[in-house]
Amino acid sequence: MPDLEFDSIYEARIRRLSAQHWTPVRVAARAAQLLTRAGARHILDVGSGVGKFCIVGALTTDAHFVGVERRLDLVEIARGAAAHLGATRAAFVHDNVDVFPFTGFDGFYLYNPFHEQINREVSPIDGAFPRSNAAYRRFIDKTTKKLSASPSATAVVMFNGYGGTLSREYTFRGDEPAGNDWLELWTKD
């Protein structure tokens with residue numbers, strides 16, 4: 001499904017943000033495929049926004065997807081979109097990534113979830129959170145520690161990175177062009 005068609009389920013305000021903030025459909029499908037081929041069955045999308053990655057993943061693979069997002073309105077939009085499209089294996093949680101537990105997940109998707117915190121060239125999603133280098137560093141540090149504590153055989157796919165560096169327990173498995181950047185696959189040995 002093309003992005004314009006997929007995005008038509010969202011209100012105009014959300015559609016306008018899509019190109020900068022939500023994973024393109026083709027990239028989401030490929031990222032979900034990379035994660036499931038690496039063995040992931042319970043996948044967490046860090047900073048899931050309106051749920052596009054989780055919904056596409058749930059509709060194109062047999063895995064279960066959870067999105068964690070700090071903006072309640074986006075969580076509610078994601079839940080509505082998943083219900084509308086019948087993505088029953090996509091769920092969304094309203095929480096902050098620095099306190100949300102990463103336990104129970106064997107796959108993680110990161111589409112540069114914290115970059116809005118510092119990049120003045122990116123349109124803000126809303127005015128709810130001021131830009132903050134300290135918050136940016138805190139989110140990256142917490143995410144890095146949680147990924148490091150994940151069990152072996154964990155898979156991570158990044159699109160445009162996440163701002164941090166995975167611990168040495170992760171092995172780079174490859175990258176490929178996707179959308180305006182690259183998808184990278186890492187697994188924990």
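These are my notebook entries on one chain, going from the whole fold down to a few residues.

**Entry 1: overall picture**

I am working from a predicted model. I first went through the secondary structure and found six helices and seven strands in the chain. Along the sequence they come in the pattern α-α-α-β-α-β-α-β-β-α-β-β-β. I then checked the radius of gyration: 15 Å, close to the 16 Å that the globule rule gives for 189 residues, so the chain is as compact as a globular protein of that length.

For the box along the principal axes, I got roughly 45 × 40 × 30 Å for the C-alpha atoms. I also looked up burial, and 49% of the 189 residues count as buried. The accessible surface is about 9000 Å², with 52% of that on carbon and sulfur atoms. On contacts, I took pairs at least 6 apart in sequence; 65% of these join residues at least 24 apart.

In what order do the seven strands line up? I read 3-2-1-4-5-7-6, an open sheet with mixed pairing. Strand 3 (90-94) and strand 6 (170-178) are at the edges with a single partner strand each, so one side of each has no neighbour in the sheet.

A reminder to myself: strands of a sheet pair through backbone hydrogen bonds, parallel or antiparallel.

I zoomed in on strand 7 (residues 181-188), which pairs with strand 6 in the antiparallel sense over eight bridges. Going through the pairs, I found Gly174 opposite Leu185 and Glu176 opposite Leu183.

Next I asked which strands helix 3 touches. Helix 3 (residues 25-37) packs on the sheet and touches strand 1 (42-46), strand 2 (64-69), strand 4 (107-110), strand 5 (155-159), strand 6 and strand 7. I get about 160° between its direction and that of strand 5.

With 13 residues at 1.5 Å a residue, helix 3 should span 18 Å, and its end C-alpha atoms are 18 Å apart, which agrees.

The buried residues in helix 3 include Val25, Ala28, Ala31, Ala32 and Leu35. Val27, Leu34 and Thr36 are buried too. For reading such a list, I keep in mind that an α-helix has 3.6 residues a turn, so residues three or four places apart point the same way. Just past the end of helix 3, I spotted Gly39 with a positive phi of about 105°.

**Entry 2: Ser152**

Last stop was Ser152, in the loop between helix 6 (133-149) and strand 5. Its relative accessibility is 49%; exposed would need over 50%, so Ser152 counts as partly exposed.

What does Ser152 contact, apart from neighbours within four places in sequence? I found Lys188 and Asp189. Ser152 and Lys188 are 36 residues apart along the chain, and I have their C-alpha atoms separated by 5.1 Å.

Technical notes:
Residues are numbered from 1 along each chain as its sequence is written. This is a predicted model: local features need pLDDT of at least 70, side-chain atom pairs count only at pLDDT 80 or more; totals for chains, interfaces and linings use all residues. Side-chain values use heavy atoms; hydrogens and water are left out. Two strands pair if DSSP finds at least two bridges between them. Helices (H or I, at least four residues) and strands (E, at least two) are DSSP runs, numbered from the N terminus. Contact means heavy atoms within 4.5 Å. Axes are lines fitted to C-alpha atoms, for helices over the stretch in contact, and angles run from 0 to 180 degrees between N-to-C directions. The radius of gyration is taken over C-alpha atoms; the globule rule is 2.2 Å times the number of residues to the power 0.38. Buried means under 20% relative accessible area, exposed over 50%, partly exposed in between (1.4 Å probe, protein chains only). Accessible areas come from the Shrake-Rupley method with a 1.4 Å probe; for residues, only the protein chains shown count as cover. The expected span of a helix is 1.5 Å times one less than its number of residues.
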